[in-house]
Structures are given as C-alpha cells and as structure tokens.
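Take a look at the fold below.

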Amino acid sequence: MNAIDLKQEKLDKRYIRMATIWAENSYCNRRQVGALIVKEKMIISDGYNGTPSGFENVCEDEHNITKPYVLHAEANAITKIARSNNSSDGATLYVTAAPCIECAKLIIQAGIKRVVYSERYRLEDGINLLKRANIEVVYIDMNEEKQI
C-alpha cells in the first residue's frame with residue numbers, strides 16, 4: 001500500500017469512528033446508526049437514525065418494531081445538505097451500517113462518490129446498487145480495529 005492509500009485508510013478509520021460516536025445521538029433502542037458526509041476533508045453534514053423533526057423521539061412501537069416513519073442516518077445527512085448551501089457532489093459518506101436499497105438510491109442521486117461503512121447487513125442490495133452506479137464502497141471492520 002502506498003503512502004496516499006495509507007493516509008486515506010487512516011482518515012477513513014477516523015471518520016468511521018466519529019460516525020460511531022455520532023450514532024449515540026439516536027434515540028432508537030433497536031439499533032443506533034450514525035453518518036457523516038465529508039468533502040475535501042471537511043464534515044459538511046451529519047445524521048443519525050430517528051424520527052422526523054418535531055416528532056416524539058421514540059423510534060419503536062409498543063411491540064419494539066421500528067416505526068415506519070423513522071429516517072435512516074444516511075437520509076438525515078443527505079436531507080440536511082438539501083437545507084444548507086453545501087453540495088454532496090463528489091463527497092464521501094461514512095455510515096456505521098451498510099446502506100439499504102432506499103438509502104443507496106438517495107446516495108446515488110446526491111452525487112456521493114464513496115461510501116465507507118463498518119457493519120454488514122444481511123441484505124446486500126443497497127451495496128450492490130451502489131457498486132452498479134460506480135460508487136466506491138469500502139468496508140472497515142471495527143472489531144478488527146479494536147483488537148489492534
């Protein structure tokens with residue numbers, strides 16, 4: 001691995017750790033997911049899974065099933081960009097869980113060119129769609145990181 005690749009890998013690990021910390025902001029009990037959008041080494045947006053603005057901060061119903069209107073971390077980060085003066089075109093998305101198919105569609109439409117994630121999901125349709133759109137997808141095993 002050359003020096004540029006090593007530097008990028010270090011940055012990727014640092015930002016994915018930051019996304020992991022950001023996930024702690026989620027009020028969801030079943031799963032907390034965090035996301036950061038980075039462009040030119042600047043965090044231009046962030047998000048975590050949760051209910052829409054103005055809703056109660058309760059993600060699950062009385063049967064511990066996620067409410068249908070809970071937003072994914074990626075969707076929150078991407079829609080936050082839409083309300084700012086920033087552009088996600090060419091950016092990297094760091095997210096603690098593999099994107100689902102719906103979030104993959106948003107990622108493609110937002111012009112994001114790289115996705116780095118740290119937790120696999122049983123369904124890989126989101127990852128496969130990103131690859132089909134020629135988006136670079138990088139998996140970082142954070143459990144492996146903790147053993148070092």
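## Strands E1 and E3

Strand E1 covers residues 34-39, and strand E3 covers residues 92-95. The two run antiparallel, joined by 4 bridges. Within this pair, leucine 36 stands opposite tyrosine 94 in E3. The model shown is a predicted one.

## The whole sheet

Now place that pair in its sheet. The sheet is open and has 5 strands. Read across it, and the order is E2-E1-E3-E4-E5. The pairing is mixed. Which strands sit at the edges? They are E2, residues 42-48, and E5, and each pairs on one side only. On average, neighbouring strands of this sheet are turned by 15° against each other, with direction ignored.

In a regular strand, side chains alternate between the two faces of the sheet. Keep that in mind as you trace each strand.

## Strands E4 and E5

Move to the other end of the order. Strand E4 spans residues 114-117, and strand E5 spans residues 136-139. These two run parallel, and 4 bridges join them. Arginine 114 stands opposite glutamate 136 in E5.

Helix H2 takes up residues 73-82. Where does H2 lie? It lies across E1, E2 and E3. Against E2, helix H2 runs at about 130°.

## H2 against H3

Helix H3 is formed by residues 101-109. H2 and H3 pack at an angle of about 25°, and their axes are 9 Å apart. Angles under 35 degrees count as roughly parallel, so H2 and H3 are roughly parallel to each other. Their crossing is left-handed.

Which residues meet here? From H2 come Glu74, Ala75 and Ile78. From H3 come Cys103, Leu106 and Ile107. By class, this contact of H2 with H3 has 5 nonpolar residues, 1 charged residue and no polar ones.

## H3 against H4

H3 also packs against H4. Their axes come within 7 Å and cross at roughly 25°. H3 is therefore roughly parallel to H4. Is the crossing left-handed or right-handed? H3 passes H4 in a right-handed crossing.

On the H3 side, the contact is made by Ile101, Ala104, Lys105, Ile107 and Ile108. On the H4 side, it is made by Asp125, Gly126, Leu129 and Leu130. The residues of this contact of H3 with H4 divide into 6 nonpolar, 1 polar and 2 charged.

Key: Residues are numbered from 1 along each chain as its sequence is written. This is a predicted model: local features need pLDDT of at least 70, side-chain atom pairs count only at pLDDT 80 or more; totals for chains, interfaces and linings use all residues. Side-chain values use heavy atoms; hydrogens and water are left out. Axes are lines fitted to C-alpha atoms, for helices over the stretch in contact, and angles run from 0 to 180 degrees between N-to-C directions. Angles under 35 degrees count as roughly parallel, over 145 as roughly antiparallel, 65 to 115 as roughly perpendicular and the rest as oblique. A crossing is left-handed if the near helix is turned anticlockwise from the far one by less than a right angle, and right-handed if clockwise. Contact means heavy atoms within 4.5 Å. Ala, Val, Leu, Ile, Met, Phe, Trp, Tyr, Cys and Pro count as nonpolar, Asp, Glu, Lys and Arg as charged, and the others, Gly among them, as polar. Two strands pair if DSSP finds at least two bridges between them.
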